[in-house]
Each structure stands twice: as structure tokens, then as C-alpha cells.
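Here's a quick briefing to read alongside the model. Have the sequence and the 3D view open as you go.

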Amino acid sequence: MIHECVIIADHDGALVELCGITILERLLRSLQRCGISRAFILTGTPRINPESVTNSSWARPQLELTICPSSRPITAEQALAIWPQTTPLLPAFRADTVFDIRLLQFLVRQTSPAALFDSLVPAQIQPLVTPARHSVAGKISCGASLVRRDWAAVQRGPWENVVAAGVDRGAISILNVADRPTYSAALRRNLRPYWFPAPSAAQTKIAENALLDSVQKGSQDLPALVHAPIERFLLSHLCKTGVRPDYLTITWAITALLATLFFAGGHLFRGLLCALVVGILDGLDGKQARIKVETTKRGKWEHHLDSFFEVAWPTALAYYFHASGQLPNAYFYLFIFILVQALDGIAKGAIYYVAEQSKQPAGRFDRMVRFLGGRRNVYVWILAATMLLGVPAKSLIVMAWWEGCTALLDLPHAAWAIHWLRRNRRPTTGSA
């Protein structure tokens, strides 16, 4: 397992700020999440110094930094001088390049010399990639490589030229970005792994739009047609502030708790307003964490909060509708709702697991069920509709039936998906 790396910082582009953090800081945060614990920043640029590069950050507390001033251009000899003696293979990354974390993870898991190249840059980021340094056999260099110490020890000249020569001679293999799987398990959708050099001032908007697109999850529900544009607008401004994702999580959790209390007390309009706000905030914290590379293990607790309020809101409504006499058998419908919701949760988990294992996004049927199926945001809209019609107690009945229909669609598909995975999974052979 590789735990150390060299960062080539010979261009001021490393300090270009995109969506609230510099490109260099984005790289450092991503590297820590790839298992890198020590990074040597080899810099020939006066602006990249201990004052401009904070040695510690709450978003990368396990990453140890060493800044090594050098002359320009940065050479193989300079890289070798700071190369840890105990590391036979060392990854090197350009500090002025934005990398999809999946590309970094892929490179550091290699066991032989390799370099990232791209033979098919998407049209939306083509203007950003035009200034890329050099190409090999029609493939553009991404500025990330993994080389062997004994090989680097006999090389001379600028680092990029040395890597390019190693590729030409076959000493370094090519990893083509265009050949990498596009399915993202975290986003549950296809997203081609992206990379691009530091943009010019005129291209900053293109680069930030690419990053904003990269944090949007797939398989959206019906309310997302309204929520997603609002979330994107808020995120485009929020990411440039110091607001941390956990602050947003706490805010939406408090708002969701207020909604629960309002529902239980019969203040349906106030509860509905809080629930609509939660629908927006619930998506913002995860996007803020992804776009600024501030994901933490604590962030996974948000899913437990989601699950809690999925049950808490209908329970609060059932309590009020029963106590007020509007729906005497409210608890029966609540029981049905919770039961089929649990079954549907198992089915959804199986479907997502198969999608992750097969590295395939949800099919058309899955997207349709996700779009119209039972979810907390959909139930908020159902409550709003029944309130407009003057029959709010009917919302609990509709929720129970809606969730039941969703489970009836998801359970058979989950069974089929598991069967498909078992049938298509290649058997593993053990050594004798």
C-alpha cells in the first residue's frame, strides 16, 4: 500500500481557487482519502510556500506535509533527492490539476510504473484541457504518474520529459482515463472520471460548473425537479464560504425535529414549511462535503438521521390524527406504512448493492420507481396536497398505500437483481 507521494508544484495555477478551495488544497484532501499520509510538495514557485499552503487542515488532519523549495523546471534529480528511502514506487501529481478522486485511487493501487493519459476528453471540459502539457500517441497527459525509484535514479532532466520518455520506451505503462468505468457508486449514476488543468480566469466558470455537476446524485425523485436547481444555486455560493457540511447537517436535523413536534402538535402548516426546508438542506450537506472534499466518517450518521425522520414524521402525524379524532385507525395505517417501508428498504439495499457490484447505473425501470416511488420528500408533497384539499388526515392513508406499491415493485426486482448477480459473478479459484 502506497502512503507517500510527491507533488510537482511549479506553476501558480495550483493556487487557483475553485468552489471555495485552491486546486492544491483539493488535491491534498483527495490524497488523504486515498490513503496517502505524507506528501512532499516540490515547488519552484515562490507563491507556493508554508504561508500559502497551510500545513494542517481539519479536512485532512492525517496528512503530513513537507514543502521543498526547488528551482524550475523541477527535475527527476530534485524529486529523487526527497524520495523516501523505504518507498520503491512513488506517485507524483501535478499540483495545478484537478483530479477525480477515482483516478487518484486507481493510480495509487497500481503495483508497477504507470501514468494517467486521456484519449477522449469530454466536450464540456475540452476548453480546460487544451493547455495540457504534452501527449503520447494521441493521448493527453493528465499529470499523474507512478514511477520506480531505481529507474528514476538514472534519469536526467525535467520531470515531465522524463515521464514522457519513460512512456515512449515502455518503462511506464499508460492508464487511459477513457477506459475507466464511468459508474460512480457514491453518486449511483454514470459519471466519467474527470481531470483538467488549472483554468484561466475566463474559464473558471466552466471548471466550477464541471465540479458542481460532479456532486449531483443520480436516480432523483419527483421533488428533485424542484429541489435540485435550488440546491445547485445555493451550493454555488455556499461552497465559497466557511460553512462546514456538519453545520448543515445539524441545521437540517434541528429543523426536521421542529417539523416532527409541529406535526405531533397539530401545527401542520408550520410543520410542512419546516419539512420543505429540510428537503433542500438534506441534499446540501452531502454536496458541500463532496465539492470541497470534506467528507468524514461522521457524515455517514446522516443516513441514520434520514431513517429516523422517515418514521418520525408519519408517527407524529398518526399521533395527531388519532388524538384529534380525524383518523381513528391512524395507528393501523402507521403500522402498515412502517412494515412495508422496512421491506422496501431491504429491497432498495439489494438493488443498490447489485448496481455497485456490476458497476452499472439504475435502469429505466429503477429510475421510474425512484422518480415516483415512496420517499420522505414525496410524502411531504402528499401532505401538502391533502392539506390543500382540506383532508390532511387522508395523507397517512395515501402514504401507506404509496409505500406499499413501491415495495411491491422493488421486492421482485431486488430478487431478480440478486439472482442476476449470482449467475453472472465469476467464480473465484483458490490456489492449491
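Helix H7 (residues 204-213) and helix H8 (residues 224-238) have axes that come within 11 Å and cross at roughly 125 degrees. Axes here are lines fitted to C-alpha atoms, for helices over the stretch in contact, with angles running from 0 to 180 degrees between N-to-C directions; helices (H or I, at least four residues) are DSSP runs, numbered from the N terminus. Keep in mind that this is a predicted model, where local features need pLDDT of at least 70 and side-chain atom pairs count only at pLDDT 80 or more, while totals for chains, interfaces and linings use all residues. Residues are numbered from 1 along each chain as its sequence is written, and side-chain values use heavy atoms, with hydrogens and water left out.

**H7 and H8**

- H7 and H8 are therefore oblique to each other (under 35 degrees counts as roughly parallel, over 145 as roughly antiparallel, 65 to 115 as roughly perpendicular, and the rest as oblique).
- On the H7 side, Asn209, Leu212 and Asp213 meet Arg232, Leu235 and Ser236 of H8 (contact means heavy atoms within 4.5 Å).
- Sorted by class, the contact of H7 with H8 has 2 nonpolar, 2 polar and 2 charged residues (Ala, Val, Leu, Ile, Met, Phe, Trp, Tyr, Cys and Pro count as nonpolar, Asp, Glu, Lys and Arg as charged, and the others, Gly among them, as polar).

**H9 and H10**

- The axes of helix H9 (residues 245-264) and H10 come within 8 Å and cross at roughly 160 degrees.
- That makes H9 roughly antiparallel to H10.
- H9 passes H10 in a left-handed crossing.
- Their contact takes in 17 nonpolar, 5 polar and 3 charged residues.

**The nonpolar core**

- The largest nonpolar core has 92 residues, and Ile7, Leu24, Phe93, Phe196, Phe263, Trp313 and Phe321 touch the most other members (a core is a set of buried Ala, Val, Leu, Ile, Met, Phe, Trp, Tyr and Cys residues joined through side-chain atoms within 4.5 Å).
- Helix H10 (residues 268-291) gives the most to this core, with 9 residues.

**Leu317**

- Leu317 is found in helix H11 (residues 301-323).
- Leu317 is buried, with a relative accessible area of 3% (buried means under 20%, exposed over 50%, partly exposed in between, with a 1.4 Å probe and protein chains only).
- Leaving aside neighbours within four places in sequence, Leu317 is in contact with Phe263, Leu268, Leu383 and Met399.

Key: Helix = DSSP H or I, 4+ residues; strand = E, 2+ residues; numbered from the N terminus. Left-handed = near helix turned anticlockwise from the far one by under 90°.
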